[in-house]
Amino acid sequence: MGAVITVAPTGPIATTADNPHLPTQPHEIAEAVHSAYVAGAAVAHLHFRDEQQRPTADLDIARRTVDLIQQRCPILIQISTGVGLSVPFEDREKLVELKPRMATLNPCSMSFGDGEFLNPPKGVRRLAGRMRELGVKPELEIYDTGHLDACLQLLKEDLLAEPLQFSIVLGVRGGMAATPQNLMMIVDRLPRGAIWQVIAIGRANLQLTAIGLALGGNARAGLEDTLHLGKGTLSPGNLPLVERAVMLARDLDTTAATVEEAERTLKLP
Ligand code: KMH
Ligand code: ZN
């Protein structure tokens, strides 16, 4: 089966002042996701923005965006419960009530650039339990070595079900640096049968995405993770980044998984 390519079109931080091609409104996100699907993405990782481009957990905006995507294509929906640093955890966790196929679960609090990313232990346990009840598959976001241990503890407490699905996030200021050594260290420690992808933030996006694919992982692409195609070149949208990831997968002698293959690879409930 091929590598699962996830498109992350928007993210929580950049605005159109940083890259004018960033999709922020529901119909823009839906258009970007549809193009990514046609290019080979099987999963859409979604953040939402209000009309002022501020990150939001507003359920109407989220529902409208998901509906617009589903009218266009059958891509698998993954909603971010990370949402944005300014949005309270209690609002973020409500997004899983929309019952997407997947949602992210950020297991620990941390510094995040100049801000703070708050994921209190009680809230994380409550959210993990609710996702399990609703049949929403958590993608576990590992920004540092101890985050993996926190997830394994949740597994022991029966708040997660195997196979665990991880994103190894490299390059956030406050988490692990974007180095191949850090990637290898986490990959070596993943439990048997785990499913994983690299999220490489910023400059090392291309190199670490390629290493992840070469090691047998899945891949994520889009303006959430890098605004650039190369040094000093803004990406003119999400599509070139997705096409690049699909091409990397093909060059490494695999394919981009279809939606049906991705459902099987990710063992979605
Ligand atoms: N923004 C990335 C650093 C989430 O949205 O929950 C990690 C991420 C997590 O995508
Ligand atoms: Zn995200």
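My entries below go from the metal site to the other ligand and then to a helix.

Entry 1, the metal. I'm working with a predicted model here. I looked up what holds the zinc ion (ligand 2), and the protein donors are His 45 (NE2), His 47 (NE2) and Glu 224 (OE). They lie 2.0 to 2.1 Å from the zinc ion. Along the chain the donors follow the spacing H-x1-H-x176-E.

I get 14 residues surrounding ligand 1, and the closest are His 47, Ser 80, Thr 104, Asn 106 and Glu 224. So which polar side-chain atoms lie by an oxygen atom of ligand 1? Ser 80 has one at 2.6 Å, and Thr 104 has one at 2.7 Å. I also noted a backbone case: a polar atom of Gly 82 is 3.4 Å from an oxygen atom of ligand 1. Taken alone, ligand 1 exposes 300 Å², and the protein buries 96% of that.

I find 14 residues in α4, running over 121-134. From first C-alpha to last, α4 reaches 20 Å, close to the 20 Å expected. Which residues of α4 are buried? I list Gly 123, Val 124, Leu 127, Ala 128, Gly 129, Met 131 and Leu 134. Those buried residues pack against α3 (89-92), β6 (102-105), β9 (137-142) and α5 (145-156).

Conventions
Residues are numbered from 1 along each chain as its sequence is written. Chains are lettered from A and ligands numbered from 1 in the order in which they are written. This is a predicted model: local features need pLDDT of at least 70, side-chain atom pairs count only at pLDDT 80 or more; totals for chains, interfaces and linings use all residues. Side-chain values use heavy atoms; hydrogens and water are left out. Helices (H or I, at least four residues) and strands (E, at least two) are DSSP runs, numbered from the N terminus. The expected span of a helix is 1.5 Å times one less than its number of residues. Buried means under 20% relative accessible area, exposed over 50%, partly exposed in between (1.4 Å probe, protein chains only). Contact means heavy atoms within 4.5 Å. Donors are N, O and S atoms within 2.8 Å of the metal (3.2 Å for Na, K and Ca); water is not among the atoms, so sites may look incomplete. A residue is near a molecule or strand if one of its heavy atoms lies within 4 Å of it. A polar contact is a pair of N or O atoms within 3.5 Å; within protein, one must be able to donate a hydrogen and the other to accept it, and residues adjacent in sequence count only if both atoms are side-chain atoms. Accessible areas come from the Shrake-Rupley method with a 1.4 Å probe; for residues, only the protein chains shown count as cover.
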